Amino acid sequence: MRIPLTPASYIFCLLPLLFVALFQVANMNNNLRGGVRHIQKHALVRSSSAQLIRTQHACTSCKGQRSIAQSTTFRRAVPFSLNTYSAPHDERDDRVVRMLMFGKPGAGKGTLTTRLAQKYDIVTLSTGDLLRQHIAEQTKIGRGAEGIVARGGLVPDEMMLEIVTSKLDGLQNKHWILDGFPRTLLQGEMLDTHLKKRNTPLTLVVNLDVPDEVILSRISDRWIHLPSGRVYNMSYNRPKVTGLDDETGEALTKRPDDNPETFARRLAAFYASTSPLLTYFSKSAASSVARRLNPNHQHPHQLSFHTPSGLKVKTLAGRTSDEIWPQLDRLLQNTFPGLRERLETTTMKTRQLVSNEAIEAEHRAESAT
């Protein structure tokens, strides 16, 4: 006897097959997700390996050693404040030349400053020029200083500081060398305080050490062309025609203060005013080194990462500007590695290099024939 099948019976019979199909679909989905994760994992490994290879190739100049900044251990060990270091702010002090140059009268400050300004993109500031500019433009400072200068008096320290800093405050991220200020300890302290308040402290103080007898001989042999200010020296920079300016042919003259008596007075004034300045800045440089070595008494391993170099005071000795110049040039290159040469200087070097190579190639060709 056959029992008739109702629709409900058909559904009941198909349920096991439906469960089996759903199970297989779920299993296929799990396998698919696992495969995707496996592919992503291997892709990440390959990407990391390629990045490591590129980094190692890029660091061949490091003799195969990874820098400390590339180390995962370094990133874990360095405090959060160092990991979030901002280069443009924190490295500003040791990348910008803010320089004073001291030296006895006739030591070559002007010559060496001019050489630096010709080679590098550095602004040179003369306090005498700034004062004359204020007077010529009849600024508020200039009107106050004009009467004092006319009477032959000395401009007060506060007024000189305002004249200087009104220019320096506009050179926040530019390299500069200040000439003629400060001349006294009080002026030095006032300038140092102002610059630190502006977060633009001095970064380099250079003292030119030239023997007294050399300078005395130098100024005794010095002749100048008054209209242009061109300086000649009968010992090492003689005019083409003795007693005449090379460009105009006009007569050269002696400066009134280029004599042993005046030099002796100026030298005594230099020792009296400049020696305390050098002592002050040397102590300031030493204290900045102490702060960098152990700020807030932190653990030594947490120090010296991206720390500004602070103030450096250096004495350069020599008998002539030609002897001192290589020392000064090397000092700036080592202290300010980001300092760039002027474009025209680089272009002249390139042309000279090409010219030398062309001459050598011509000589080789002549030798071959």
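# A briefing on one predicted chain

Arg 132 and Asp 129 sit about one helical turn from each other, because 3 residues separate them in helix 7 (residues 127–137). An α-helix has 3.6 residues a turn, so residues three or four places apart point the same way. The helices here, and the strands too, are DSSP runs numbered from the N terminus, with at least four residues of H or I for a helix and at least two of E for a strand.

Residue numbers start from 1 along each chain as its sequence is written, and side-chain values rest on heavy atoms, with hydrogens and water left out. The model is predicted, so local features need a pLDDT of at least 70 and side-chain atom pairs count only at pLDDT 80 or more, while totals for chains, interfaces and linings use all residues.

**The whole chain**

- You can look for 14 helices and 7 strands in this chain.
- Of the 369 residues, 30% are buried; buried means under 20% relative accessible area, exposed means over 50%, and partly exposed is in between (1.4 Å probe, protein chains only).
- Carbon and sulfur atoms own 58% of the accessible surface, which comes to about 23900 Å²; the areas come from the Shrake-Rupley method with a 1.4 Å probe, and for residues only the protein chains shown count as cover.

**How confident is the prediction?**

- The average pLDDT is 76, and 62% of the residues score at least 70; pLDDT is the predictor's confidence in each residue, from 0 to 100.
- The pLDDT is below 50 over residues 57–93, a stretch that has 33 contacts in the model beyond near neighbours in sequence.
- Residues 301–308 also have a pLDDT below 50, and this stretch has 19 contacts beyond near neighbours in sequence.

**Salt bridges**

- The whole structure holds 9 salt bridges, each a side-chain nitrogen of Lys or Arg within 4 Å of a carboxyl oxygen of Asp or Glu.
- Arg 132 is exposed at 52% relative accessible area, and Asp 129 is partly exposed at 44%.
- Asp 212 and Lys 104 form another, and their closest N and O atoms are 2.7 Å apart. This pair links distant parts of the chain, 108 residues apart: Asp 212 belongs to helix 11 (residues 212–220), and Lys 104 to the loop between strand 1 (98–103) and helix 6 (109–119). Lys 104 is buried, with a relative accessibility of 7%, whereas Asp 212 is partly exposed at 27%.
- Glu 247 and Arg 230 also meet through their side chains, at 3.4 Å from N to O. Arg 230 is in strand 6 (230–233) and Glu 247 in the loop between strand 6 and helix 12 (260–293), so the bridge ties together parts that are 17 residues apart in sequence. Shared partners join Arg 230, Asp 245 and Glu 247 into one network of salt bridges.

- Helix 9 (residues 157–168) has 12 residues and reaches 16 Å from first to last C-alpha, close to the expected 16 Å; the expected span is 1.5 Å times one less than the number of residues.
- Its buried residues include Met 159, Ile 163 and Leu 168. Among the elements covering the buried residues of helix 9 are strand 2 (122–126), helix 8 (140–150) and helix 10 (185–197).
- The 13 residues of helix 10 should span 18 Å, which agrees with the 18 Å between its end C-alpha atoms. Gln 187, Met 190 and His 194 are among its buried residues.

**Backbone details in the loops**

- A cis peptide bond, with omega about 0°, joins Phe 181 and Pro 182. Pro 182 lies in the loop between strand 3 and helix 10.
- Gln 138 is not a glycine, yet its phi is positive at about 55°. You will find Gln 138 in the loop between helix 7 and helix 8.
- Asn 199, also not a glycine, has a positive phi of about 60°. Asn 199 is in the loop between helix 10 and strand 4 (204–209).

**A domain from the record**

- An unreviewed UniProt entry lists residues 222–257 as "domain: Adenylate kinase active site lid"; UniProt positions are given in the numbering used here, feature names are shortened, and annotations may be inferred rather than shown by experiment.
- In the model, residues 222–257 are 0% helix and 22% strand, with end C-alpha atoms 11 Å apart.

Technical notes. Contact means heavy atoms within 4.5 Å.
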